[in-house]
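Here is a short briefing to read alongside the sequence and the model. Keep the 3D view open and follow the topics one by one.

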Amino acid sequence: MLFSVLTIFPDFFHSPLREGIVRRAQQDGRIEIGIHDIRDYAVDRHRMTDDRPFGGGEGMVMKPEPLAACVRAAVRPDRAGRVILLSPKGERFTQARAERLAGYGQLVLICGRYEGVDERFRDRYVEEELSIGDYVLTGGELAALVVIDAVCRLLPGVLGCGDSAANDSFSRGLLKHAQYTRPRVFEGMEAPEVLLSGDHAAIDRYRLVESVRLTLERRPELLALARFSPAEEKILRREGLYGQIEALTRRGSIDAD
Ligand code: SAM
């Protein structure tokens, strides 16, 4: 996977991309990250990438020509790619979207600044507009890092085998169960006995139930995407949880994203 980031602040990316799993993925050749400075594609001698909005109003707007030239230089026709604008007006970036994007060969991530980009650039060059949440950032750089991080860890071989993404929160319409580690007793609080029992079937049952309880409590809308095997359904019925899930679905309180 090639991530191509278009930004007017290339230095922003140096440290975050040199740490942890994203760093290892680059070293192992599983991902490549190219940072493109939009200013290098500015057409005037002052390297202007923004200008005042037509019609007046506050702030500045990113000019279309440098953005267009930068996208044309970044797109690799030999890769099946996607040109993405980070924007608070975009569709919400979710785990399901991260999984879909992980199937492409290149993601071109355009970071806006100021009041955003000229609409004509968006109309002509942008294939997808993504928001990382209902708040406004000063620029798209943090959002691009979020997309790179979330997509990178889904690519084959990026996570170690003990670190699978398949059981993460959101991957099957559930939040992940709580985790515990040594010491067995911390400030008077004991880790759940069943997790120390060595009985793997009992541990799986406990984790499923905790996961469903947590999701019902915090994010019931996610359960629209959850599918349970007959054995899991039996466990959840016994715990009195399956009826709650069915009731939510029947009332239409759960909508699939
Ligand atoms: N005036 C714009 C509006 O109200 O929709 C906000 C522009 S914002 C200050 C500047 C840039 O930050 C945007 O062009 C976008 O690239 C990025 N940005 C801000 N919030 C974002 C979010 N929630 N998700 C993704 N990108 C965001």
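At 26% relative accessibility, R122 counts as partly exposed (buried means under 20% relative accessible area, exposed over 50%, partly exposed in between, with a 1.4 Å probe and protein chains only). R122 lies in helix α4, where helices are DSSP runs of H or I with at least four residues, strands are DSSP runs of E with at least two, and both are numbered from the N terminus. Please keep in mind that this is a predicted model, in which local features need pLDDT of at least 70 and side-chain atom pairs count only at pLDDT 80 or more, while totals for chains, interfaces and linings use all residues. Residues are numbered from 1 along each chain as its sequence is written, and side-chain values use heavy atoms, with hydrogens and water left out.

- Not counting residues up to four places away in sequence, R122 touches L85, V117 and E129; contact means heavy atoms within 4.5 Å.
- R122 and R172 are 50 residues apart in sequence, and their C-alpha atoms are 33 Å apart in space.

**Overall build**

- The protein chain has 8 helices and 9 strands.
- Its radius of gyration is 23 Å, well over the 18 Å that the globule rule gives for 257 residues, so the protein chain is more spread out than a compact globule. The radius is taken over C-alpha atoms, and the rule is 2.2 Å times the number of residues to the power 0.38.
- The C-alpha trace of the protein chain spans about 70 × 45 × 40 Å along its principal axes.
- Among contacts in the protein chain with a separation of 6 or more, 76% are between residues 24 or more positions apart.

**Surface and charge**

- Of the 257 residues of the protein chain, 41% count as buried.
- The accessible surface of the protein chain comes to about 15100 Å², and 49% of this belongs to carbon and sulfur atoms. The areas come from the Shrake-Rupley method with a 1.4 Å probe; for residues, only the protein chains shown count as cover.
- There are 37 positive and 40 negative side chains in the protein chain, with Lys and Arg counted as positive, Asp and Glu as negative, and His and the chain ends not counted.
- The centres of these two sets lie 3 Å apart, with each charge placed at NZ of Lys, CZ of Arg, CG of Asp or CD of Glu.

**Nonpolar cores**

- The largest nonpolar core has 29 residues; such a core is a set of buried Ala, Val, Leu, Ile, Met, Phe, Trp, Tyr and Cys residues joined through side-chain atoms within 4.5 Å. The residues with the most contacts inside this core are F3, I31, F93, L101, L107, L109 and V151.
- Two or more residues of this core come from each of β1 (2-7), α1 (20-27), β5 (81-92), α3 (95-101), β6 (106-111) and α5 (141-152). The largest share, 8 residues, comes from α5.
- A second, separate core of 16 residues includes L6, I8, L67 and V83.
- Leaving out residues up to four places away in sequence, L107 touches M1, L2, F3, S4, R82, I84, L101 and V151.

**Helices α2 and α3**

- Helix α2 (residues 64-74) has P66, L67, A68, C70, V71 and A74 buried. The buried residues of α2 pack against β1, β2 (32-37), β4 (61-62), β5, β6 and α4.
- Q95 has its place in helix α3 and is buried, with a relative accessible area of 18%.
- Beyond its neighbours within four places in sequence, Q95 is in contact with L154 and F170.

**Backbone features in the loops**

- F170, that partner of Q95, lies in the loop between α5 and β8. F170 is not a glycine, although its phi is positive at about 80 degrees, and at 38% relative accessibility it counts as partly exposed.
- P183 sits in the loop between α5 and β8 (185-186), and the peptide bond from R182 to P183 is cis, with omega near 5 degrees.
- Y114 is found in the loop between β6 and α4 (119-125). Phi of Y114 is near 55 degrees, a positive value in a residue other than glycine, and Y114 is partly exposed, with a relative accessible area of 38%.

**Strand β9**

- E190 lies in strand β9 (residues 189-190) and counts as exposed at 53% relative accessibility.
- Leaving aside neighbours within four places in sequence, E190 is in contact with R184 and V185.
- E190 and Y180 are 10 residues apart along the chain, and their C-alpha atoms are separated by 9.6 Å.
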